[in-house]
Amino acid sequence: MNFEGKTTVVTGAANGIGAALARRFHTAGARVVVADRDAKNLEAIEKELNSIRPDSAFAVVADIGTEAGNVALIDAARAKFGFIDLFYANAGVATGTDLESTDEATWNAAMNINLHAHRWAAKHLMGEWLAAGEGYFCSTASAAGLLSQIGSGPYSVTKHGAVAFAEWLSITYGDRGIRVTTLCPQGVNTNMLNPTDAPAATTAVNSGGGSAVKASGAVLEPSEVADIVYDTIVAEKFLVMPHPEVHTYEKRKVDDRDRWLSGMRRLQARVVGG
Ligand SMILES: NC(=O)c1ccc[n+]([C@@H]2O[C@H](COP(=O)([O-])OP(=O)(O)OC[C@H]3O[C@@H](n4cnc5c(N)ncnc54)[C@H](O)[C@@H]3O)[C@@H](O)[C@H]2O)c1
């Protein structure tokens with residue numbers, strides 16, 4: 001896909017990977033609708049992009065953890081810039097730990113934000129895309145969606161769901177002009193990996209997941225990840241795997257699941273609490 005003159009929507013664009021994606025797509029000549037529930041940082045991104053090219057960015061404060069929030073975002077983006085060429089479901093949360101400590105509300109929020117949001121957005125985009133014979137759906141899942149997330153059941157399950165949904169979307173609609181790309185990184189240097197305002201043991205990262213991620217490979221900058229995502233979308237490939245070692249871990253998992261699970265338990269014992 002060529003980004004020049006295209007309309008893109010990026011969720012979770014007020015911070016981290018989403019902000020970097022919005023900047024990267026904008027640099028390539030796209031109009032960018034930036035969406036997030038963090039109104040303050042979102043406004044700053046909109047201002048930054050519009051100061052480079054007037055009326056090329058549009059901020060929509062949205063809670064994408066509901067179907068209505070996704071519909072309102074898509075409606076607002078279409079009203080502003082018309083046909084949405086590419087929708088990037090990037091917003092996510094790393095909340096929830098084990099079975100004993102994670103309440104229903106936390107499980108539901110993780111399911112809604114990390115997984116159902118992708119489905120709700122795709123559901124409301126697909127009619128127009130199929131009629132046009134084209135459309136590009138992207139998502140940020142995680143290496144946890146291919147492997148697992150030490151310290152967090154909700155994160156592991158929802159990210160596997162996000163990968164499964166992206167694969168299913170590509171299989172089901174790929175021959176009708178719909179392209180799909182999903183991002184599966186390990187550590188990226190964002191607020192999610194380095195939380196400052198969450199009490200210990202309430203998030204995937206604080207309950208050992210962050211240490212496990214950092215122990216498993218390099219921590220990349222959001223702009224490095226955005227460059228790799230951009231190249232993958234231009235090439236219209238499905239999987240973005242910015243940490244190549246994830247491929248090795250995935251192969252080990254497929255080759256011998258029991259051995260892989262033992263290794264994951266050893267890693268967990270090393271990092272939990274640390
Ligand atoms: N940082 C990492 O190491 C890492 C690794 C793998 C995958 N990811 C994934 O990357 C994506 C981006 O995360 P990040 O690392 O940039 O973290 P981040 O916390 O900096 O950004 C996440 C953004 O999503 C927004 N958001 C969360 N819930 C929302 C909701 N209901 N409605 C609207 N916006 C909402 C937040 O306000 C925030 O701006 C997430 O899906 C995350 O799971 C991150």
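User: What makes β1, α1 and β2 a right-handed β-α-β unit?

Analyst: β1, α1 and β2 form a β-α-β unit that is right-handed, because that term means that, with the strands pointing away from the viewer, the path from first strand over helix to second runs clockwise. The next crossover, from β2 through α2 to β3, is right-handed as well. The elements are DSSP runs numbered from the N terminus (helices H or I, at least four residues; strands E, at least two). Bear in mind that this is a predicted model: local features need pLDDT of at least 70, side-chain atom pairs count only at pLDDT 80 or more, and totals for chains, interfaces and linings use all residues. Numbering starts from 1 along each chain as its sequence is written.

User: How do you know that β1 and β2 pair?

Analyst: Pairing takes at least two DSSP bridges between strands. β1 (residues 7-11) and β2 run parallel and share five bridges, so they qualify. One of these bridges ties Thr7 to Arg31. On the other flank, five bridges join β2 to β3, again in parallel. There, Val33 stands opposite Phe58, and Val32 has Ala57 as its bridge partner.

User: Where do these strands sit in the sheet, and what makes β3 and β7 edge strands?

Analyst: The sheet is open, with seven strands in the order β3-β2-β1-β4-β5-β6-β7 and parallel pairing. β3 and β7 each have a single partner strand, so one side of each has no neighbour in the sheet.

User: Why is β2 called largely enclosed?

Analyst: A residue is buried with 20 or more other C-beta atoms within 10 Å of its own, exposed with 12 or fewer, and partly exposed in between. In β2 (residues 31-36), six of the six residues are buried, so the rest of the structure largely encloses the strand. Both faces are covered: Arg31, Val33 and Ala35 are buried on one side, and Val32, Val34 and Asp36 on the other.

User: What makes Ala35 stand out in the largest nonpolar core?

Analyst: Ala35 is among the residues with the most contacts inside that core, along with Ala22 and Val34. The core has 71 residues, and helix α4 (residues 104-132) gives the most, with nine. Contact means C-beta atoms within 7 Å. Skipping neighbours within four places in sequence, Ala35 touches Val9, Val10, Thr11, Ala13, Val60, Ala62, Ile64 and Leu73.

User: What about Glu236: buried or exposed?

Analyst: Exposed: Glu236 has 11 C-beta neighbours inside 10 Å. Its phi is positive too, near 55 degrees, and its place is the loop between α7 (222-234) and β7 (239-240).

User: Which residues surround the ligand most closely, and which element gives most to the shell?

Analyst: The shell has 30 residues, and the closest are Gly12, Gly16, Gly92, Thr190 and Met192; a residue is near the ligand if its C-beta atom lies within 6 Å of it. Helix α1 (residues 16-27) makes the largest contribution, three residues.

Key
Core = buried A, V, L, I, M, F, W, Y, C linked by C-beta atoms within 7 Å. Contact = placed C-beta atoms within 7 Å.
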